[in-house]
Amino acid sequence: MSTPGHGWKGARAVTNPNDPQLESWVAVAQNNDFPIQNLPFGMFTTSLDPEPRVGVAIGEHVLDLVAVASVGVMNFPSQTMLRGSLNELFEFGVSAVRQRVSELLTSGNEELAGVADRGLVSQSEVELVLPFEIGDYVDFYSSEQHARNLGRLFRPDDEPLMPNWKHLPVGYHGRASTVTVSGTPVRRPLGQRAGADGPTFGPSERLDIELEVGFFTSDASALGTSVGIDEAESHIGGLVLVNDWSARDLQAWEYQPLGPFLGKSFHTTISPWVVTLDALEPFREPGPVQDPAPLGYLQGGDHRALSIDLSVELNGHRIGGTNFRDMYWTMAQQLTHASSNGTALQTGDLYASGTVSGAEPAQYGSLIEMSGNGAEPFELPDGTVRTFLADSDSVVLRGTCSAAGAVTIGFGECAGVILPARKLEMNT
């Protein structure tokens, strides 16, 4: 990764963008996800400019980096890296970019006085679009509690964890073409389901959510090489929330012997703002104790977890939530294992954690856990009852980071509404 930004035109003395004492000349409400200590990156359009361009979230506004670059206070090698997607900018390197944006937005800085409205656009006036051009998508299964919860549901008389689970980050390759940005409606999928008299074809009747966190890669690697554990985090550009919608009835019928297929590939939703690892540094905690110790290639590196409080809302009611710190396998281990066979990494690949769950029912991150695989319907505060999702249901995932001596930051929403299945137009 290159290191940009030394000698930005008009740059002030280097500051710490995570400094809790920093204040911005942009008004930011106390509980807003995007204080100056966050500054996540995203792609947006407006009614006057439909071509996606890079923005940085600050409070209820977006700082337009194309507008900022146009007055020379930030000089990029090419303006193309500020258009289309975040891929080129993240490959260029965003640590110094974020630091420079922090300087420009700090109280008392007047360098953007010459930009119309100082480069700010209200978030209410923009459309947030998919931040990266996603080449590949991998979904892991890295929450021990989630794996145990499902193991007890499906194999009540056996050990809940499979023999390989504590030796490698279990995962599968998803479908990048169906990853969408928050707010995109989710169409109930069609597929085969098991029936008393053989399989049937039709809309999924057991549509589920998965509360996840994902990361995007910032650097590519060559085919036939591997990313070692000590360098893995240098390939991680930033994090988003992920809802990997799941059709449990389709999945149950089709997954043996090769694993998830139609039950998982129909739709995945991510939050639009990419929170950098730099911004998350104040929320690091010791990584999980792994017993037995993993094989040597998965040992070492920066073995720290991230404290992210996660929650799930269904039709406006909180139904579950837990903390990301308890994930058994770290992001560095996930990326190291994924590349260990020599696969080529691409800038903008998405790696999701798998469902994040705790041990208690209030900490579950999927409806299959909350409803005991459909056997235990649960009631919402408005009196409605669910086992799995109904048409028109609205799901919102949220994530916030808090720590002593740090300003709380967040990820924004990862939201989707369920649409009815499309009309059956094939001979079933």
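The buried residues of helix α4 pack against α9 (367–370). This is a predicted model, in which local features need pLDDT of at least 70 and side-chain atom pairs count only at pLDDT 80 or more, while totals for chains, interfaces and linings use all residues. Residues are numbered from 1 along each chain as its sequence is written, and side-chain values use heavy atoms, with hydrogens and water left out.

**Helices**

- Helices (H or I, at least four residues) and strands (E, at least two) are DSSP runs, numbered from the N terminus.
- Helix α4 spans residues 144–154, and its buried residues are E144, H146, A147, R148, N149, L150 and G151.
- Buried means under 20% relative accessible area, exposed over 50%, and partly exposed in between (1.4 Å probe, protein chains only).
- Helix α3 (residues 95–105) is mostly covered, with eight of its 11 residues buried.
- The buried residues of α3 are V97, R98, R100, V101, S102, E103, L104 and L105.

**S142**

- S142 sits in the loop between β6 (137–140) and α4.
- The relative accessible area of S142 is 0%, so S142 is buried.
- The side chains of S142 and Q334 are joined by a polar contact of 2.9 Å.
- A polar contact is a pair of N or O atoms within 3.5 Å; within protein, one must be able to donate a hydrogen and the other to accept it, and residues adjacent in sequence count only if both atoms are side-chain atoms.

**Cavities**

- There are two cavities of 30 Å³ or more in the structure.
- A cavity is a set of points on a 1 Å grid over the protein atoms alone where a 1.4 Å probe fits but cannot get out; lining residues have an atom within 4 Å of a point.
- The largest cavity has a volume of about 110 Å³, a volume being the space filled by probe spheres set on the points, which are joined across faces, edges and corners.
- Residues lining the largest cavity include E233, R284, F324, M327 and W329.
- β19 (304–306) supplies the largest share of this lining, three residues, and α8 (331–339) supplies at least two.
- The second largest cavity holds about 40 Å³ of space and is lined by N18, Q37, A279, P282, F283, A406, V407 and I409.

Technical notes. Contact means heavy atoms within 4.5 Å. On a 1 Å grid over the protein atoms alone, a cavity is a set of points where a 1.4 Å probe fits but cannot get out, and a pocket is an open set with protein on both sides within 12 Å along at least five of seven lines; lining residues have an atom within 4 Å of a point.
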